Structure formats: C-alpha cells, structure tokens
Amino acid sequence: MSETKQQLVDQILKTLEKDREALYRAAAETHSSSTDAESKQEGKYDTRGLEASYLAEAQAEQLALLNEQITKLGQLQIGDMEDQPVQAGALVLFSTDEEEYAYFILPAGGGQSVQYHGIDFTVITPSSPIASELLGLEVGAFADVPKIGNGFISEIW
C-alpha cells in the first residue's frame, strides 16, 4: 500500500521538527558560550565573543525561518490535484526526451526525498527555479526548466 500525500507531508514535518530541535539546542549552546566568562575579550584582536554572538544571531534567524516553514507546511491543505494546474501540494512528473523528473511542491522541506507510488519525489519549494517554471501548468503543458531543459508535464497528483 502506498502512502497518501498527507502521510508524506507528515513525514517531512517530522524531519523539519527534528531539524528545529537540533538547531534550537545548537543556538542555546552558542548563546550560552557567547555570554559566558570565557568569551570575554582578552585583547583588542580577540573576537571570540563577538563571533559567537553573530553565530547565535544567525542561528536564531534560521530557527525563526524554520518555525515559519513548519507552520506553513502544517496549514497546507492536501487534496487531489488530478486535472488541476500545478500548485503547492502537487506531485508532478516532468518528462524530457531523456529522463523523467518527479517533484513534490511544498512550502518547506526543499531537497528532501519521499516515495509515492514507487517513485522517488524530490521536494521543491514554489520559490525554486524549477517550481516557478511549473506552477500553473497543466498535464501536457511544455516548459523549459532550468538545468533540465525542455519537457512536458506528464502527471499531476
């Protein structure tokens, strides 16, 4: 029995939540090290504390972005996309003369891979160059996709 699209989204959400937990622990550790006594500047060229505070700030921004992505993905309504144009939540097969590419278009989780009906789908976000070429197209529509070339949409689920 193959998984449903909602189960695939739940799987991606679990991965993102694990990433968030790991990032939260790393950010807390970095923040702690940037404010402890050992980070106190020992000379005018000692920038350990400053560097640690920059890293803590970047990690906090990354954590906020990840939280936003998890929220968007959790709110996505997954339904049957057959006979509809490509949109967020769609599983898309894009075919060229040489190869077939399988994408799951979601607001978060880009780069992850999931399996549906025995096919490995790569998660891409709507802002990616590939998705931006495919969004709004229907089965049979032709497109020139960056780094792939000319092809057509053969399936949408």
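Predicted model: local features only at pLDDT ≥ 70, side-chain atom pairs only at ≥ 80, totals over all residues.
Q: Which residues of strand 5 make up its uncovered face?
A: In a regular strand the side chains alternate between the two faces of the sheet. Strands here are DSSP runs of E with at least two residues, helices are runs of H or I with at least four, and both are numbered from the N terminus. In strand 5, A143 and V145 form the covered face, which leaves the uncovered one to F142 and D144.

Q: Which residue of strand 6 is the bridge partner of F142?
A: Strand 5 and strand 6 (residues 149-156) pair in the antiparallel sense over 4 bridges, where pairing takes at least two DSSP bridges. Within strand 6, F142 is partnered by F152.

Q: Is K147 buried or exposed?
A: K147 belongs to the hairpin of strand 5 and strand 6, with 3 residues between the strands, and has a positive phi near 65 degrees. Most residues other than glycine have a negative phi. Buried means under 20% relative accessible area, exposed over 50%, and partly exposed in between (1.4 Å probe, protein chains only). Because its relative accessible area is 89%, K147 is exposed.

Q: What is the phi of H117 near?
A: H117 sits in the loop between strand 3 (113-116) and strand 4 (119-124). H117 counts as partly exposed because its relative accessibility is 47%. Its phi is positive although H117 is not a glycine, and lies near 55 degrees.

Q: How far apart are the closest N and O atoms of K72 and E68?
A: The structure holds 1 salt bridge, meaning a side-chain nitrogen of Lys or Arg within 4 Å of a carboxyl oxygen of Asp or Glu. K72 and E68 are 4 residues apart in helix 2 (residues 48-75), about one turn of the helix. K72 is partly exposed because its relative accessibility is 43%, and E68 likewise at 42%. In the salt bridge of K72 with E68, the closest N and O atoms are apart by 3.4 Å.

Notes:
Residues numbered from 1 in each chain as written. Heavy atoms only, no water.
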